[in-house]
Amino acid sequence: MTTHSPYPAVSDLRQQFAGSVLTPDDAGYDAARTIFNAMVDRRPAVIAQCTGTEDVRAALAFADRTGLEVAVRGGGHSVAGASLTEGGLVVDLRRMRSVTVDPHARTAVVEGGATWSDFDRACQPHGLGTTGGRVSSTGVAGLTLGGGSGWLERKFGLASDSLLAVDLVTADGIEIHASEDEHPDLFWALHGGGGNFGVATRLTFRLHPLPVTSLALLFWEAEQGPDVLAAYRDLVVRGVSEDLGGAVAYLTGPPEEFVPAALQGKRVVVCIGIYAGTAAELRDVLAPMLALKPDGELLTEMPYCDIQCALDDPPGLRNYWSAAHLSALPDEALRRFGEQGMTMLVPTASQSLLVPWGGAVAAGAQNWPQPHRSAAWVVHPFGLWEDAADDAAGISWARDAIAAMQPFATGAVYLNFIGDEGMDRVIAGYGRQNYTRLAAVKLEYDPRNVFHLHHNIHPAAAARRS
């Protein structure tokens, strides 16, 4: 029971609120403020657990009256902790997570607090799907509005490419339906501009036939890395089917029966294959990798919703991520990537990922505010560890991994893959021209910059538009 509140008006908010309003004195407050990245430990003054659009409007009006900073929480996977604020108000959407699938129209309507697990499991019975996050507990809205990279992006494009409409509540409580025909500039901005424009309460997606999917996890001792990396690069460069998504990565061998005991808890190199087709087809596609005789192998057909959670990272770890985008992968770049993989902290949940793009990702490069889509490869050091004593080493490793790839980098970046790396990196996520256009949209829909915690697009930058 609440004993007091630093904001007396919170009682008024509770009276008009269908969900729950939590302050630091309430039971459940600490659990409600916990997010994926344990390095982020902030204490909001109010957590508004919304059950619908009217709750969202009431929470935003309360923040406006009290001058509280606003954070918006869906899945809570922002590595920079954008879904949490110190001393402000959190618009918590986790009670708004319904997914309604129309199998005939091949569409899904998703509430703003849904995760990709919610989404995928609603679509699975209909043999439909789209590109989702690589972690099933990631929020649908946050990933999609930031662009939406995922395992099947080479086939279906980024998650935002399948976005048909977004229902949004602005900081002033105005409800907007954005689509190609309504508020088209805002709709364009929502394909990568993140949570800068309002609270997305509902998203409508186009779905794609996805009757069969298969998963391959092929493990080798880390010392085999140079041969494995070269074989994977050559497989992709020769023109592998766009039905194949995945990565090659360094990580700690998991305690699974398909991983030899000698590799469990040790640094390994792994080929991850996610395939829109049968296991037999996947085996043929990955023949060059299988010819290297992996020490551990899992290759099987699996429902897409199960594949999407097969590689989930555990919550409650300390996180630091970064990324570099490459137009090509010459031998020297491959060598440097391998060297950085061999310095990754083990045993931890960290991963050093090399992800192929191209296909449908590149096909949409000119349509939306994300110039990085033309990249052929993405290097993604994904640091996760448990002990705060490893913070310096983990952060240094990720930064060093990106620094090592700079001679081959395009300079652009997919912002969902990074934390707070400064305004220059935010602008690099869009390119200067797109950033200025985004700022003009920001000026129209959020001129007070209320939504500023997600890789901020500042409305003042609109003045630079030529």
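How many disulfides does a search of the whole structure find? The search comes up with zero, a disulfide being a pair of cysteine sulfur atoms within 2.5 Å. This is a predicted model, where local features need pLDDT of at least 70, side-chain atom pairs count only at pLDDT 80 or more, and totals for chains, interfaces and linings use all residues. Residues are numbered from 1 along each chain as its sequence is written, and side-chain values use heavy atoms, leaving out hydrogens and water.

**View 1. Two cysteines.** Cys309 has its closest cysteine sulfur in Cys305, 6.8 Å away, which is too far for a bond.

**View 2. An open sheet.** Here five strands line up as S5-S6-S10-S8-S9, with antiparallel pairing (strands are DSSP runs of E, at least two residues, and helices are runs of H or I, at least four, numbered from the N terminus; two strands pair if DSSP finds at least two bridges between them). At the edges sit S5 (99-102) and S9 (175-179), each pairing on one side only.

**View 3. S8 beside S10.** Six bridges join S8 (residues 163-169) to the antiparallel S10 (residues 199-206). Look for Asp167, whose bridge partner in S10 is Arg202.

**View 4. Helix H16.** The buried residues of H16 (residues 432-445) include Tyr435, Leu438 and Val441. Its buried residues pack against S9, helix H7 (184-189) and helix H15 (423-428).

Technical notes:
The expected span of a helix is 1.5 Å times one less than its number of residues. Buried means under 20% relative accessible area, exposed over 50%, partly exposed in between (1.4 Å probe, protein chains only). Contact means heavy atoms within 4.5 Å.
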